Structure formats: C-alpha cells, structure tokens
Amino acid sequence: KDRLTDLGPRHFWQYFPPVIQNNYGKWAYHEVLEPGILVHVSETGDKVYTVRCGAARFMTVQHVREICEIADKYCDGYVRFTTRNNIEFLVDSVEKLEALKKDLESRKFVSGSYKFPIGGTGAGVTNIVHTQGYVHCHTPATDASSMVKAVADELFEYFQGMQLPAKVRVSMACCLNMCGAVHCSDIALLGYHRKPPIIDHEVIDKVCEIPLAIAACPVGAISPDKTPEGGKTVKIKQDRCMFCGNCYT
C-alpha cells in the first residue's frame, strides 16, 4: 500500500510478533537470564523472551523447514536471524519459553550434536561468521565450512557459557577480500593466496575481459601488454600483488 513499486522487501513491521508491535518504542531494559536466553521488559509490563541458537551459514531445505516448524509451534510463525547467523525464537511467556527450550535441546543429529545449540549471549563466544568458501566463490584460498566447524567444536563450551571477560566475536574469511567481516571481529581466521596469478598468454589473447581484470586489481599491479607475436596479454608487477584473487574471479 502507498508504495511506488513492488520491488524490494516488504515492510519490516509485518514481521514483528504482536508483543513487539504493541510495545514498539516502549522497551525499558533487557537482561540475559542464562546463556542464550534473553528477556526484554516493556514500560507496559509486557515481556518477550528470546532463545538464541547457533546456526550454519549453509542450510538444507529440510533444516529450514524444521526451523519454520518450531516457529509455527511456539512463536506463532515468527522467527528472526541475527547478523552473525544466529536463529532467534521469540515467545511471550515463561511457559512457552520452557517448552521451547526443552524441544530445542531434544533435537539432535544422528551423530549426537545439537541441531539448535542454545547460547551465544553475554560474555562468551557468539556464532562464527564466515564467507562462502568453495561452494559459492571463485577467489577462496581455503574452504570455510570445515574450518569453522573445527574451530566452533573447540570453542563450543564458550558458546554455551558466559565465563569470559567479555563477548568474543570470531570470523573467518577465505581470501583477502574478507566478506566474512574479519576486519570487525575480535579474532580473525583468514585464508590467503601466496603466489601471484600465472598468466596463460594464449588464453588471454582470445578473451575480451582484460580491462575488467586490470580494473579489478585493488593495488594496480596489472597492466596491458603484448606477446612477442603481437598478441594482447597482461603483465603483473609481482612485488605489488596482494594475492587477493580478484583478477581471475
């Protein structure tokens, strides 16, 4: 209604649970009751309880459907994701909170690990943010999911606890382009290439993307050149290359 086009996301208001809509702008304070459990208290006396669960960056359709099933059962269909890939289920009573916690803790993979581990709040380790890795990118120097899983397994007790001096944010990026936001985290895991790209002059002479490859270099290490036979190619100033991989993306 009253929109100029039908492009873009729907208005955020419709995704708020009724308790959020009714108390919009009236929240007085919030507390972390236990790892992964928060309560927000309104000036009106209303309360909303949040259960935060760690989630994977890549999910199967089956897993997404299970998330929706939980949201339908306990949260009237409402669910939200944080910027660090956490899932948050919101309920408006202690009774719903306890039932939701019990359900989430009972859902496990065949290996025995939690599908929806509760935690990531307060003075602990929050969910690890990472890049796409080999699944969906051309520039990674390493994969993401396997490394993140290994690190998260080692830090899991700190995800489910709040015994650290302060909150710790861990991020992982597969290359120097750092779409994993490692530059704004406390601990960064970074994969990077160690050699300049190899030039295949025969292939380059037959493509038209040379200007794009030159423009993609953030440090101006690539410039146009000619082969001895007069064909078009490029040359790389190797001492300037930062090994980001943009030129062959």
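**Ground rules.** I'm working on a predicted model, where local features need pLDDT of at least 70, side-chain atom pairs count only at pLDDT 80 or more, and totals for chains, interfaces and linings use all residues. Residues are numbered from 1 along each chain as its sequence is written, and side-chain values use heavy atoms, with hydrogens and water left out.

**Elements and overall form.** I count six helices and 10 strands in the chain; these are DSSP runs (helices H or I, at least four residues; strands E, at least two), numbered from the N terminus. The radius of gyration is 24 Å, whereas a compact globule of 249 residues would be near 18 Å. That is taken over C-alpha atoms, and the globule rule is 2.2 Å times the number of residues to the power 0.38. Along the principal axes, the C-alpha atoms fill a box of roughly 80 × 50 × 35 Å.

I find 37% of the 249 residues buried. The cut-offs are under 20% relative accessible area for buried, over 50% for exposed, and partly exposed in between (1.4 Å probe, protein chains only). For contacts (heavy atoms within 4.5 Å), I took pairs at least 6 apart in sequence, and 58% of them join residues at least 24 apart.

**Positive phi.** Most residues other than glycine have a negative phi, so I looked for exceptions. Asp 76 has phi near 55° and is in the loop between helix 2 (61–74) and strand 4 (80–81). Is Asp 76 buried or exposed? It counts as exposed, because its relative accessibility is 59%. Phe 243 has phi near 65° and lies in the segment after strand 10 (232–236). I noted Phe 243 as partly exposed, at 24% relative accessible area.

**Glu 31.** I found Glu 31 in strand 1 (residues 27–34), partly exposed with a relative accessible area of 41%. What does Glu 31 touch, not counting residues up to four places away in sequence? I get Ile 37, Leu 38 and Val 39. I also looked up Val 41: its C-alpha is 8.5 Å from that of Glu 31, with the two residues 10 apart along the chain.
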